[in-house]
Amino acid sequence: MIYRHTAAIEGEFIHFEILDTAGQEEDSLQIEEKIKWGDSFAVVYSVTDRCSFDEVMRLCFLINHIHSASKKGAAEQPPIVIVGNKKDLQYDRMVSTDDGENLSKALKCPFYEISTRDSYEETAMVFNTLYYELMRQGSLSPGTFKKRNVSKLMEKIPKIYANSALNANGRSLSFNSFRDYIPE
Ligand SMILES: Nc1nc2c(ncn2[C@@H]2O[C@H](COP(=O)(O)OP(=O)(O)OP(=O)(O)O)[C@@H](O)[C@H]2O)c(=O)[nH]1
């Protein structure tokens with residue numbers, strides 16, 4: 001699924017397209033196509049699932065390898081944020097904060113522990129960080145879309161629009177529930 005979401009960042013409306021991958025069910029060709037499509041990456045594990053944490057390093061290497069091959073030795077790695085989700089489940093925790101921080105330092109990526117259940121702000125921070133990093137690298141200028149070569153696989157992935165209406169606090173109502181989504 002590709003989710004389209006508009007966020008207000010520093011007074012600008014920024015349009016995100018967020019591809020939610022199937023994680024461990026992906027075959028290697030599919031994951032390669034999807035990595036080529038992305039400009040930046042949130043590699044998410046669950047702090048309650050050691051196996052998902054053990055995948056992080058492999059995925060980060062794969063992202064860097066595929067992007068450096070397709071961009072013929074680009075100097076910088078594409079923005080990657082490492083995210084430990086479900087921090088609200090403290091009694092089921094299998095991955096410590098230190099483990100997450102140490103791996104992220106070793107891979108030179110920003111790191112957040114979040115709970116998508118408890119905090120919209122923490123989740124938004126992940127996407128804001130990716131956006132700022134893309135801006136820093138000069139990959140995007142505000143208000144522009146990058147043109148992509150879209151493969152047959154990517155054309156088949158359904159796109160849904162998040163409701164981009166903002167409530168009184170300026171907080172987007174998007175992603176609160178599937179009822180907010182309007183199919184393309
Ligand atoms: N307690 C808690 N549960 C969460 C949190 N985030 C997701 N979940 C639950 O975890 C389950 C899996 O969430 P998904 O969003 O399907 O996770 P996914 O990584 O997309 O899973 P795949 O479809 O296997 O790739 C669901 O039951 C969610 O409600 C969180 O921060 N805290």
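What follows is a working chat about a predicted model of a protein chain.

Student: Before we start, what kind of model is this, and how are the residues numbered?

Tutor: This is a predicted model, in which local features need pLDDT of at least 70 and side-chain atom pairs count only at pLDDT 80 or more, while totals for chains, interfaces and linings use all residues. Residues are numbered from 1 along each chain as its sequence is written.

Student: What does the protein chain average in pLDDT?

Tutor: The average is 82, and 74% of the residues score at least 70, pLDDT being the predictor's confidence in each residue, from 0 to 100. The model scores ipTM 0.94 and pTM 0.82.

Student: And where does pLDDT stay under 50?

Tutor: Over residues 163-184, for which the model has 30 contacts beyond four places in sequence; two residues are in contact if their C-beta atoms, placed from the backbone, lie within 7 Å.

Student: OK, the fold. How many helices and strands are there?

Tutor: The protein chain has 6 helices and 7 strands, running β-β-α-β-α-α-β-α-β-α-α-β-β from the N terminus. Helices (H or I, at least four residues) and strands (E, at least two) are DSSP runs, numbered from the N terminus.

Student: How do β1 and β2 run?

Tutor: Strands β1 (residues 2-9) and β2 (residues 12-19) run antiparallel and are joined by 8 bridges, where pairing requires that DSSP finds at least two bridges between two strands. They form a hairpin with 2 residues between them, and Glu10 in the turn has a positive phi of about 50 degrees. Across the pair, Ala7 stands opposite Ile14, and Arg4 stands opposite Glu17.

Student: Switching to the core, which residues touch the most other members?

Tutor: In the largest nonpolar core, which has 20 residues, these are Val43, Val56, Cys60, Ile80, Val81, Ile82 and Val83. β3 (41-46), α3 (56-70), β4 (80-85) and α5 each supply at least two residues of this core. Such a core is a set of buried Ala, Val, Leu, Ile, Met, Phe, Trp, Tyr and Cys residues joined through C-beta atoms within 7 Å, and a residue is buried if 20 or more other C-beta atoms lie within 10 Å of its own.

Student: What does Cys60 touch?

Tutor: Leaving out residues up to four places away in sequence, Cys60 touches Val43, Ile80, Leu107 and Cys109.

Student: You mentioned α5; how far does that helix reach?

Tutor: Helix α5 (residues 120-137) has 18 residues and reaches 26 Å from its first C-alpha to its last, close to the 26 Å expected, the expected span being 1.5 Å times one less than its number of residues. Gly138 follows α5 and has a positive phi, near 80 degrees.

Conventions
A residue is buried if 20 or more other C-beta atoms lie within 10 Å of its own, exposed if 12 or fewer, and partly exposed in between; C-beta atoms are placed from the backbone.
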